[in-house]
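This briefing covers the fold, the surface and selected residues of one protein model. Please read it alongside the structure shown here.

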Amino acid sequence: MNGFLYGVALQLKLDIRSKSLLITCYTVPLIFFLLMGGIFTSVMPEMGSTLIQSMIVMSVSMGAFIG
């Protein structure tokens with residue numbers, strides 16, 4: 001488990017140093033998450049509880065596909 005956590009921490013440090021990976025894999029999905037989450041909750045406020053889970057899955061998969 002320590003090896004896995006070390007690998008994840010090392011990969012995160014390397015990704016943050018690379019500006020293109022930082023923008024592509026982290027910033028774009030986060031902006032998409034905030035923008036679409038704001039739009040969907042303003043249209044249907046009662047959908048907020050299920051929207052968080054679905055937008056997290058969408059953001060993670062978007063970052064993975066782009067990266």
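The model is predicted: local features need pLDDT of at least 70, side-chain atom pairs count only at pLDDT 80 or more, and totals for chains, interfaces and linings use all residues. Residues are numbered from 1 along each chain as its sequence is written, and side-chain values use heavy atoms, with hydrogens and water left out.

**Overall fold**

- The protein contains three helices and zero strands, where helices (H or I, at least four residues) and strands (E, at least two) are DSSP runs numbered from the N terminus.
- The order of elements from the N terminus is α-α-α.
- The radius of gyration is 15 Å, well over the 11 Å that the globule rule gives for 67 residues, so the protein is more spread out than a compact globule. This radius is taken over C-alpha atoms, and the globule rule is 2.2 Å times the number of residues to the power 0.38.
- Along the principal axes, the C-alpha atoms fill a box of roughly 40 × 30 × 15 Å.

**Surface and burial**

- Of the 67 residues, 15% are buried; buried means under 20% relative accessible area, exposed over 50%, and partly exposed in between (1.4 Å probe, protein chains only).
- The accessible surface is about 5200 Å², and 76% of this belongs to carbon and sulfur atoms. Areas come from the Shrake-Rupley method with a 1.4 Å probe; for residues, only the protein chains shown count as cover.

**Helix H2**

- Helix H2 covers residues 19-43, and its 25 residues should span 36 Å at 1.5 Å a residue; the end C-alpha atoms are 34 Å apart, which agrees. The expected span is 1.5 Å times one less than the number of residues.
- H2 bends by about 35° at Thr27, with the proline Pro29 following within four residues. The bend is the angle between axes fitted to the seven residues ending at a residue and the seven starting there.
- Cys25, Pro29 and Gly37 are buried in H2, and the cover over the buried residues of H2 includes helix H3 (48-66).

- Pro29, in helix H2, counts as buried at 4% relative accessibility.
- Leaving out residues up to four places away in sequence, Pro29 touches Thr24, Ser59, Met62 and Gly63; contact means heavy atoms within 4.5 Å.
- The C-alpha atoms of Pro29 and Ala64 are separated by 9.7 Å, with the two residues 35 residues apart along the chain.
- Phe65 lies in helix H3 and is exposed, with a relative accessible area of 73%.
- Phe65 and Cys25 are 40 residues apart along the chain, and their C-alpha atoms are separated by 8.7 Å.
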